[in-house]
Amino acid sequence: MRRRRQQKLERKLQQFRSKDGGPDTGGTLKIYGEALCKDVPYKTLLLSIRDSAAQVVREMLAKYGLEKVDPQQYCLVQVSGA
């Protein structure tokens, strides 16, 4: 099942790859949501460079099974290790 999921992700990533040598138009983003679900440390989202932060929050909530939660109550935070 994991292999099938990886193959599906690769097919979707192909849609974002530039065919003319220019920059890619999207890719994957890992969202670490242990606060939402301790059993699932992160989810990987496939995003376009045109996706807004609001869209990312909605998709992230859907991935964690929280579609009915108000996305306005959440935000994205970048944490980088030193």
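The structure is a predicted model, in which local features need pLDDT of at least 70 and side-chain atom pairs count only at pLDDT 80 or more, while totals for chains, interfaces and linings use all residues. Residues are numbered from 1 along each chain as its sequence is written, and side-chain values use heavy atoms, with hydrogens and water left out. The chain holds two helices and two strands, and these elements run α-β-β-α from the N terminus on.

**Fold and burial**

- Helices (H or I, at least four residues) and strands (E, at least two) are DSSP runs, numbered from the N terminus.
- Of the 82 residues in the chain, 17% are buried; buried means under 20% relative accessible area, exposed means over 50%, and partly exposed lies in between, with a 1.4 Å probe and protein chains only.
- Among contacts (heavy atoms within 4.5 Å) between residues at least 6 apart in sequence, 27% join residues at least 24 apart.

**Largest pocket**

- Pockets are found on a 1 Å grid over the protein atoms alone: a pocket is an open set of points where a 1.4 Å probe fits, with protein on both sides within 12 Å along at least five of seven lines, and lining residues have an atom within 4 Å of a point.
- Grid points are joined across faces, edges and corners, and a volume is the space filled by probe spheres set on the points.
- The largest pocket contains about 600 Å³ of space.
- Its lining has 15 residues, and Arg5, Gln6, Leu9, Thr44 and Lys63 lie nearest the centre.
- Helix 1 (2–16), strand 2 (42–48) and helix 2 (53–63) each supply at least two residues of this lining, and the largest share, six residues, comes from helix 1.
- By class, the lining of the largest pocket has seven charged, six nonpolar and two polar residues.
- In this classification Ala, Val, Leu, Ile, Met, Phe, Trp, Tyr, Cys and Pro count as nonpolar, Asp, Glu, Lys and Arg as charged, and the others, Gly among them, as polar.

**Second largest pocket**

- The volume of the second largest pocket is about 460 Å³.
- This pocket is lined by 15 residues, with Ile31, Tyr32, Cys75, Leu76 and Val77 nearest its centre.
- Strand 1 (residues 26–32) gives the most to the lining of the second largest pocket, with four residues.
- The lining of the second largest pocket has 11 nonpolar, two polar and two charged residues.

**Aromatic pair**

- Rings of Phe, Tyr and Trp (its six-membered ring) pair if their centres lie within 6.5 Å; planes under 30 degrees apart count as stacked, over 60 as edge-to-face and the rest as tilted.
- The count by this rule is one aromatic pair.
- Tyr32 and Tyr42 form this tilted pair, at 5.4 Å centre to centre and with 50 degrees between the planes.
- The pair links distant parts of the chain, with Tyr32 in strand 1 and Tyr42 in strand 2, 10 residues apart.
- Tyr32 is exposed, because its relative accessible area is 53%, whereas Tyr42, at 33%, counts as partly exposed.

**Cysteines**

- The whole structure has zero disulfides, a disulfide being a pair of cysteine sulfur atoms within 2.5 Å.
- Cys37 has 23% relative accessibility and therefore counts as partly exposed.
- Cys75 lies in the segment after helix 2 and is exposed, at 60% relative accessible area.

**Arg50**

- Arg50 is in the loop between strand 2 and helix 2 and counts as exposed, at 63% relative accessibility.
- Leaving aside neighbours within four places in sequence, Arg50 is in contact with Thr25 and Gln55.
- Arg50 and Thr25 are 25 residues apart along the chain, and their C-alpha atoms are separated by 8.0 Å.

- Pro71 lies in the segment after helix 2 and is partly exposed, with a relative accessible area of 25%.
- Leaving aside neighbours within four places in sequence, Pro71 is in contact with Val57, Arg58 and Leu61.
- The C-alpha atoms of Pro71 and Glu59 are separated by 9.5 Å.
- Gln72 is also in the segment after helix 2 and is exposed, because its relative accessible area is 69%.
- Between the C-alpha atoms of Gln72 and Ala54 the separation is 8.1 Å.
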